[in-house]
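Grab your viewer and work through the exercises below. Each one sets a task and then walks through a solution.

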Amino acid sequence: MSRAAAPLQWLTMGLLTVGLLGLSPALSLSLLAFGLAVLTALKLREARSLEERRVVALLQLVGAGLLAALRPELGPSLLQGLAILMALAGLLALELGAGPDWKALMRRSLQVLVAALPIALVLFLLLPRLMPFSSLGSGHGMGAMTGLSDSMDPGSIARLAVSREAAARVAFPLGGGPPPLEQRYWRVLVHERFDGRSWRSTAPPFPRPAAGQPPAPAPTPAAPGEGIQLWLVEPSGLSAVPWSGAGRPLSPDLTPQRSGELLNRAPGSQRRVYALTRTADPGDWRTEPPGPIDLVLPRGENPRLEALAAGWGRLGSDRERLNAAGSWFRSQPFRYTLEPGALPRQAPLDHFLFETRLGFCGHYASAFTTLMRAAGVPARVVSGYRGGQWVQPVGGTGYVDLRQADAHAWSEVWLQGEGWQRVDPTAWADGDPLATAETSGETATGTAPWDWLQRQWWGLDIAWARWWLGYDSEQQQALVQRLLGDQRHLLGLVVLLAVAISLAASLGGLGWLGRRRSGDTLRLELEHTLRAFARHGMAPDAGETLPVFAQRLTQRWPALGDPLNAYVGNYQRQRFASTPSRAGRRETRRLGRALRRSLRTGNLPKEAVQRGVPLNRRP
Amino acid sequence: MISAIGEVLLGKEHQVRLALACLLARGHLLIEDLPGMGKTTLAEALARSFGLGFKRVSFTSDLLPADLTGLNVFDPGAASFHFQPGPLFSQVLLADEINRASPRTQSALLEAMAAGRVSVDGVSHPLPQPFLVIATQNGLDQGGTSALPESQLDRFLMRLSLGYPPRQAERALLQGEGLRPDGLSGAFGPQDLLELQARCERQHCSAALLDYVLDLLDRSRSQPAQGHPLSPRAGLALVAAARAWSLLEGREHVIPDDVQAVLAAVCEHRMDGGQRGESDGKLSQRLQAGVDGLR
């Protein structure tokens, strides 16, 4: 057992602990991982004998595997890889004896890992995926963050600080370039409950489709941005996650709601990765008719507003009322600002609409939705993210980088025959940040190096998520289909065969590395020659030196005496004399070839060629 | 010269060679065998062939350290003490039947062997160069012996046992064809020996060879069931003896064959803890078989 074994195992323990820290404790599987880690640490604490330490190393490998199933993102994956590397090195330190030092152990461990890659690849490609693990993420942890919250009360906010904190990233593996700016609205929460001041979100559960009912045909995506989406969302504590409003989530714990929210059944403190496919859910929130709650308006709170809306209410259709409101908004000198000052408790929206005309998205969405409801049009406030910056990492897939500063609120109105329509009243105000933003985002010159680095890392993160999340069970089926055609029942056999082949390749590779390690070209050449003799049944005895072995060979094949002597003499001079030279090594190789040739060409006396019985041992 | 000594010691060429290698490697020699096998003859022949001063002490149970080292004697003429050197002050000392002396005397001898000087009453007296101790011991199963501890066994570079001569050689011996050691002519002098010893140290040991020695040492340490593990001093002794052997072979570099030739003589007594039993040489054979000798 090497001295490095204990430090290596403790180091592995530390890495596993760091990996566990990011895990949300609310999940049963993470409890299992915690328990396993504690158990392993205790076992390591008391382990003295080789057997016990071996058990610890195996437990650590199991723990790292469990962690990998729970946290498949890029950062944790790298950490798990490192932990596995260390655990293997620890195991090797136990098994290889006192000889190898840290460097040799790490190198050997890396070799073992690399040798295991073919098997990993086969299993990844062909074995059923453990998708639910990765998406079962998390319980409730953090409070609402600065960007979005369940309740929205813009009147009480005098000053809105801009937080550059990361909120989410979204990539479009099929989309190519950035979606147009006017399409970059990602909904998170729908606020339908209005009490005169604040908007609260209600999320009635979406009715599950009856069993056996065929799913509705998939509608074509409305915009390029609404194809496949790949999301990486920072922990938010919200019950919903952002999406574009179209597509079907691949994770079973994400369900689209009647209101158009994508409900996260396990909101929590863990980062989430999820993907949405093109296929639509049977129920589409866009055509879900409004309920009575979408018209609720406490009367008498904002008299001027109600008076204004009453005028529009007399118009014939909802579309006309909407247009009238839009042209009214555009005709007023509204200005966008993040420091509007607090609104009075009495008639706050009247004050905003007719006095200050200063506000941010929450004010506009709130006032506009209230106006619509007062005019008799079902309307609601939707909050989410807008805009974001398109980032093209070096050599990677582009993605939209959403910060908390990109949080936004807008309105949705129900138009008979058209369904829910997005209306963004903020866009009508002067100084709307989206209107002034450039279409393709700032160039790299304006970003700090740290930001740039972080964006590159996120690009890698996205690419990684795309890689493992993108290869879902459907693609797996497609691959199997392509490989086997109609012979699907052979899949088990194929998997076994592939595993066996890759295992053989790995072991062969390891063996080759091990042999390579033990000698230079000279020694390799010698072993080549020895194999030639071994085929004739002559192998060196344990611990035998080359001259002694050569003597035995000469006894059996006297004709080989001269080439043998020349070869052995040359080899030993190269090996042990004070003046080895490149030319000498070449000469040795040449002599070795000559020796093998004379052995092959049967330049041997007949009576001596008797397989496996050296001359000196014959009776 | 080997053949010259060989004429004295009939049929024992390998042992003579080993003893000579031991002398060249500046090591001390322990010869263990039954009485009457030619131990003394070998020692005397070695000394005479290099023209070295030779003294012989028969160890008995009442031998005292001062009997070996010498002592300060009062000189009435000069009214002072002067040092009267003991038999230790010779170039070749034959310590006959060393295991019959008391441990105290044994360790006095062995200290002198290790340090190359003798301290009497606080004054150091350097021993002559070259200095070689050839100790003989009878088998431990014989009466009146006290075994050398492992730590002192380690001081001897080699342990040899002569064994019975082959029949042909014994016939020649009985016919009186062997030479007496005093018949050996001194073709070499002590200066030649010193020069050979210096040349011996310059024999080239390549990295591959040192790897071989290190593998042997590692092997002896990783398999505790196979005798005592070898000490670093054993490794030094092995390399020194192999160098001497390669010089005797007329080569300028050391090869694994040299190491193997001296392995049993150098390592066996360090591995079996002095308990030479029936299986003499088995431990070093097993050690040798456990390490790749091809290199």
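## Exercise 1: the nonpolar core

In the largest nonpolar core, which has 57 residues, I134(B), M158(B), L238(B) and V262(B) touch the most other members. (A nonpolar core is a set of buried Ala, Val, Leu, Ile, Met, Phe, Trp, Tyr and Cys residues joined through side-chain atoms within 4.5 Å; buried means under 20% relative accessible area, exposed over 50%, partly exposed in between, with a 1.4 Å probe and protein chains only.) This is a predicted model, where local features need pLDDT of at least 70 and side-chain atom pairs count only at pLDDT 80 or more, while totals for chains, interfaces and linings use all residues. Residues are numbered from 1 along each chain as its sequence is written, chains are lettered from A and ligands numbered from 1 in the order in which they are written, and side-chain values use heavy atoms, leaving out hydrogens and water.

Task: find which helix gives the most to this core.

Step 1. The top contributor is helix α10 (residues 232-248) of chain B, with nine residues. Helices here are DSSP runs of H or I with at least four residues, strands are runs of E with at least two, and both are numbered from the N terminus.

Step 2. Now look at the domains: at least three core residues come from each of domain 1 (1-171) and domain 2 (202-295) of chain B. Those bounds come from an automatic or database domain assignment.

## Exercise 2: charges in chain A

Task: work out which parts of chain A the pair D401(A) and R455(A) ties together.

Step 1. Start with the pair itself: the side chains of D401(A) and R455(A) form a salt bridge at 3.3 Å, N to O. (That takes a side-chain nitrogen of Lys or Arg within 4 Å of a carboxyl oxygen of Asp or Glu.)

Step 2. D401(A) sits in strand β15 (residues 399-403) and R455(A) in helix α12 (residues 449-470) of chain A, so the bridge links parts 54 residues apart in sequence.

Step 3. Check the burial. D401(A) has 1% relative accessibility, so it counts as buried, and R455(A) is buried too, at 6%.

Step 4. D401(A) also meets R403(A) in a salt bridge at 3.0 Å, N to O, and R403(A) is buried at 4%.

## Exercise 3: strand β3

Task: find which strands pair with β3(A), and in which sense.

Step 1. Locate strand β3 (residues 185-194) of chain A, where nine of the ten residues are buried.

Step 2. One partner is strand β13 (residues 379-386) of chain A, antiparallel over six bridges. (Pairing needs at least two DSSP bridges between the strands.) Here L189(A) stands opposite S383(A).

Step 3. Strand β4 (residues 199-201) of chain A also pairs with β3(A), antiparallel over three bridges, with R193(A) opposite R200(A).

Step 4. Follow the turn: β3(A) and β4(A) make a hairpin with four residues between them, and G196(A) in the turn has a positive phi of about 100°.
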